[in-house]
Amino acid sequence: MKVYKDLSPSPRTIMTPGPVEVDPRVLRAMSFPILGQFDPEFTSIMNETMEMLRKLFVTENEWAFPVDGTSRSGIEAVLVSLIEPGDKVLVPIYGRFGHLLTEIAQRCGAEVVTIEKEWGFVFDKEELVAAIRTHRPKLVAIVHGETSTGRMQSLEGIGQVCRDLDALLVVDAVATIGGVALETDRLLLDAVIGGTQKCLSVPAGMSPITYNSRAAAKIAKRKKIERGLLTGGEEESLLRPVQSNYFDLSMLQDYWSSARLNHHTEATSMLYALREGLRLVLEEGLEQRQARHKAHEAALVAGVQAMDLRLYGDASCKMPVVTCIEIPEGIDGESVRNLLLQDFGIEIASSFGVLKGKIWRIGTMGYSCSKRNVLLTLGALEAALLRHGHKLEAGLAVQAALNTYA
Ligand SMILES: *Cc1c(COP(=O)(O)O)cnc(C)c1O
């Protein structure tokens, strides 16, 4: 009989843009006993999690809860619930995840219009405003932090334009939430999707979302249709039912509301994990946490530059939690990554599409975003580069990082 060995994952320093290392407090929370989903103790955990999510998203929205599934489950739930077949949807694309939004919106039956920016850059406000005015979409879906290129799109002023033109603004903040400032209400964002395995340092498996009353109004109208409750005078012909049960926000809402209408079985251990992850964020403080992410980014960047490596992309829109490095001419990027993983237990990321083999991506997110990890990564990367015949002055990188900490 074949014997399957005990599970014993190797210790790793995970410096990718997700998944990242998980705080031991979160891992411990995941090992607690299961509660039934209608046990008052459990429903109070659900309520507390909603309360903490409102703080994370900086919103007074009634609705803030996790969707069970990885981050794209949150994206799908929001898009399938807000897009009716035939709706015009605008997606400004500046990296891989803009293409994901496009694909999901298309599957929802939207008439999708895209505008594209060369990878490594983001849109000017004027370009976004012009596209919204020209195309008059019912919904705009945009990525806040593009992990594929390490760029961050400013959303200042976009919400007001969407509101003036009666479009809903949906933001993929999967990679930024909990690491970078994102004020849902001040920016007039109608729906925001977050992720767990990036700056929240919780395992993948849930996607926290929030949406406001404008989005909820659309959801409520569609629910009436499904239940045959629409009265005359409402634009019945324009409204169609949500093409999903699992991701229908009107049903998820009823499950998370005090009505507790049964839907799926809540992912108990994941909810424990998310609650603990959120408790850690709020204990640290949103601003302090953002400052920590910036401080370690600065040290990492100083070290990278001290090795004469070039940063990829437009520096003015660099995402603070992802640093993209151009792989030097003649160096096999995958071989360097293998050495880091096999000999140092450190994982950094490659990239996708046109950037495959061209850049490395180093994440400084959540629990992985620490002085220890940044210094170890720089030291190891320097050693790996030397072994690959890259010319550099040994020792400078770690010193440069230490200087920024001093
Ligand atoms: C990681 C990521 C996603 C997808 O997350 P999954 O958890 O893998 O589904 C979506 N958008 C952005 C910007 C991301 O960085």
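**View 1. The centres of domain 1 and domain 2, taken over C-alpha atoms, lie 31 Å apart.** The model is predicted; local features need pLDDT of at least 70, side-chain atom pairs count only at pLDDT 80 or more, and totals for chains, interfaces and linings use all residues. Residues are numbered from 1 along each chain as its sequence is written, and side-chain values use heavy atoms, without hydrogens and water. Domain 1 spans 23–281 and domain 2 spans 286–405 (bounds from an automatic or database domain assignment). Domain 1 gives 29 residues to the contact and domain 2 gives 25 (contact: heavy atoms within 4.5 Å). About 2100 Å² is buried between the two domains, 64% of it from carbon and sulfur atoms (accessible area, 1.4 Å probe, lost on being put together, summed over both parts).

**View 2. Helix α3 (residues 71–82) packs on helix α4 (residues 96–107).** Helices are DSSP runs of H or I, at least four residues; strands are runs of E, at least two; both are numbered from the N terminus. The angle is about 45° and the axes are 10 Å apart (lines fitted to C-alpha atoms over the stretch in contact; angles run from 0 to 180 degrees between N-to-C directions). R72, I75, E76 and L79 of α3 meet R96, L100, L101, I104 and A105 of α4.

**View 3. The peptide bond from G18 to P19 is cis.** Omega is near -5°. P19 sits in the loop between β1 (13–14) and α1 (24–29). Most peptide bonds are trans.

**View 4. S201 has a positive phi, near 60°.** This residue belongs to the loop between β9 (191–193) and β10 (206–211).
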